[in-house]
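Visitor: I would like a close look at one part of this protein. Please take the disulfides and what surrounds them.

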Amino acid sequence: MKKMQQGFTLIELMIVVAIIGILAAIAIPQYQTYVAKSQVSRAVGESGAIKTAIEDCLNNGKFDVGPTDATHCDPQYTGSSILNGAAQGGLPAVAAGTGVPQVTLANTGIATIVATFGNKASAALTSGGAKTITWSRDAAGSWTCASTADAKYNTAGCPAP
């Protein structure tokens, strides 16, 4: 009587391992690119969200960032795990391992919001000098966004300058 083959041969197992290796070699870099893109998009959203508070400060003549009172502007930012930057002007400190966008205001109506990648941001956004997202307001009240991240990570709403 003939004996039935049971299990896989060594060559079949080696072929499967080779296929998995090829798929992983393609998938891992694509995943890392996807993570960096999503973090840039997140930083654009987080830093852009405080534009309304900045507009209110400028309209009310508050040009110094600091605690909420009659003369200081509270940008109403929250800590982000992918940003670096300490709370400004006596505002409460943010949690450890988080950072906030840095805000600069001028009595001419010009303002900037700079979000610098750090902490848990992708290595593509922190290596070789941390990349930034910068929202700039001109004296006429128009906001523009610029990113120093590689072009492949940028969003359409915030391209490289």
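Is Cys73 buried or exposed?

Guide: Cys73 is buried, because its relative accessibility is 0%. Buried means under 20% relative accessible area, exposed over 50%, and partly exposed in between, with a 1.4 Å probe and protein chains only. A word on the source: this is a predicted model, where local features need pLDDT of at least 70, side-chain atom pairs count only at pLDDT 80 or more, and totals for chains, interfaces and linings use all residues. Residues are numbered from 1 along each chain as its sequence is written, and side-chain values use heavy atoms, with hydrogens and water left out.

Now the bond. Cys73 forms a disulfide with Cys57. The two sulfur atoms are 2.0 Å apart; a disulfide here is a pair of cysteine sulfur atoms within 2.5 Å. The torsion about the S-S bond of Cys57 and Cys73 is about 85 degrees, so this disulfide is right-handed. Cys57 lies in helix 2 (residues 51-59) and Cys73 in strand 2 (residues 72-73), so the pair ties together parts that are 16 residues apart in sequence. Helices (H or I, at least four residues) and strands (E, at least two) are DSSP runs, numbered from the N terminus. Cys57 counts as buried too, because its relative accessibility is 5%.

Look next at helix 2. Its buried residues are Ala53, Ile54, Glu55, Cys57 and Leu58. They pack against strand 2, strand 4 (102-105), strand 5 (111-117), strand 6 (132-137) and strand 7. Contact means heavy atoms within 4.5 Å. Just after helix 2, Gly61 takes a positive phi of about 75 degrees.

The structure holds two disulfides. Cys145 and Cys158 form one of them, with sulfur atoms 1.9 Å apart. Here the S-S torsion is -70 degrees, and the link of Cys145 and Cys158 is left-handed. The pair links distant parts of the chain: Cys145 sits in strand 7 (residues 143-147), Cys158 in the segment after strand 7, 13 residues apart. Cys145 is buried, because its relative accessible area is 12%. Cys158 is buried as well, because its value is 0%.

Finally, the pairing. With bonded cysteines counted along the chain, the disulfides follow the pattern 1-2, 3-4.
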